[in-house]
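Colleague: Before we discuss any detail, may I see the sequence and the model together?

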Amino acid sequence: MKIAFFDTKPYDKPGFEKSIENNDITIKFFEAKLCEDTVQLAEGYDVVCIFVNDIVNKEVIDKLYEYGVKLVALRCAGYNNVDVKKCYKKIHVVHVPAYSPYAVAEHSMGLLLTLNRRIHKAYIRTKDFNFSLNGFTGFDLHGKTVGIIGTGKIGCVFGDICRGFGMRTVAYDSFPKENSGFEYLTLDELYEQSDIISLHCPLTAETKHMIDEKAIAKMKKGVVLINTSRGGLIDTESLIKGIKERKIGAAGLDVYEEEGNIFFNDFSGHIMDDDTLARLISMPNIIVTGHQAFLTQEALNNIAQTTIDNIISFFSNDGVCENELCYHCGQVSHCQHIRDKKCF
Ligand code: NAI
């Protein structure tokens, strides 16, 4: 079996090379992202393995189908970069639903602590032997209300971490969980009551730009916003306005709406073309990390193993794979279709 692996980074290879030991699988690692311009690289392969910023739109799907590629194996949880409905009857799509919710939840807390206690600023000051504390006053997390939007695997772990800090955890989810320890509220109530808001729901047509000017207007003054989910959940211009008006106290962003051609690459020494990102980064109370929340050793090993298991399951089990996406509703976790047989 031949896998074309797109958007390869050095940290991807060891886990995948280990996972295919003793299997009849070969992987060709391409640095290019999969998109309309690069899809011809997939000719002659059975599987394309992709990450968060590869693009699988109608044009790419049609080409992959023409080349006889059978499977798109996402080595990530989110799949907003794949037009799943257009894949129906053409190509199957599997993903890695969970690899380490701890990695992402812990990074979310890292962003919150760093912003609140100005650790990013303190690091630079003490490097210069400047031990002044001016401007570093934070607030106790203990007793504060954190609003978690999306209480799936990551949201639940983040809730546990916050409860460990003595915080009140309120939540909004279109499918609330019983006995989860969360106090479920409406979105408006969550906006009104939360000192910190952390986003952990997927990017869909419904959630795109859910944090816009109207939502921000309902939030508490000084609210801290954390987004380790997907950039498109936030309307960036509204965020910048909220920061400039001092409505938003701070924001920790691991994802950015237009990250596609920027994140995962080294642009030091270049002039940043994206003025909006440059503006965000210039603000003292915003921290941007480059979609690194997933990046732990445990997560990388689990990603590689589950991706290879998905591929083996698909080809050896008559196309049945429990991590295949549903082409009708475009999701897995709440799919109403039977999951023990092929979608098509
Ligand atoms: P999950 O599928 O376990 O949980 C998602 C939750 O969001 C579910 O409970 C679902 O009911 C809820 N949801 C769906 N639509 C909603 C809506 N309209 N409003 C409110 N809640 C809604 O997913 P998991 O593993 O917790 O991941 C969450 C997100 O984190 C992923 O969609 C992905 O975009 C992002 N992610 C980011 C990573 C990073 O490195 N920054 C790494 C892994 C995931």
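Modeller: We shall take the ligand surroundings and then the domain interface.

Modeller: This is a predicted model, in which local features need pLDDT of at least 70 and side-chain atom pairs count only at pLDDT 80 or more, while totals for chains, interfaces and linings use all residues. Residues are numbered from 1 along each chain as its sequence is written, and side-chain values use heavy atoms, with hydrogens and water left out.

Colleague: How many residues surround the ligand, and which are the closest?

Modeller: A residue is near a molecule if one of its heavy atoms lies within 4 Å of it. Here 25 residues surround the ligand, with K153, I154, D173, S174 and T228 the closest.

Colleague: Which polar side-chain atom lies 2.7 Å from an oxygen atom of the ligand?

Modeller: A polar contact is a pair of N or O atoms within 3.5 Å. The polar side-chain atom in question belongs to D173. In the side chain of E206, an N or O atom is 3.4 Å from a ligand nitrogen, and a polar backbone atom of F294 is 3.1 Å from a ligand oxygen. The protein covers 90% of the 870 Å² of accessible area (Shrake-Rupley method, 1.4 Å probe) that the ligand has on its own.

Colleague: What does the domain assignment give?

Modeller: Domain bounds come from an automatic or database domain assignment. For this chain, domain 1 is 2-99 + 297-316 and domain 2 is 101-288; their C-alpha centres lie 30 Å apart.

Colleague: How many residues of each domain are in contact?

Modeller: Contact means heavy atoms within 4.5 Å. By that rule, 12 residues of domain 1 touch nine of domain 2. Across this interface, four residue pairs are in polar contact, both residues at pLDDT 80 or more.

Conventions:
Polar contact = N/O pair within 3.5 Å; in protein donor to acceptor, adjacent residues only side chain to side chain.
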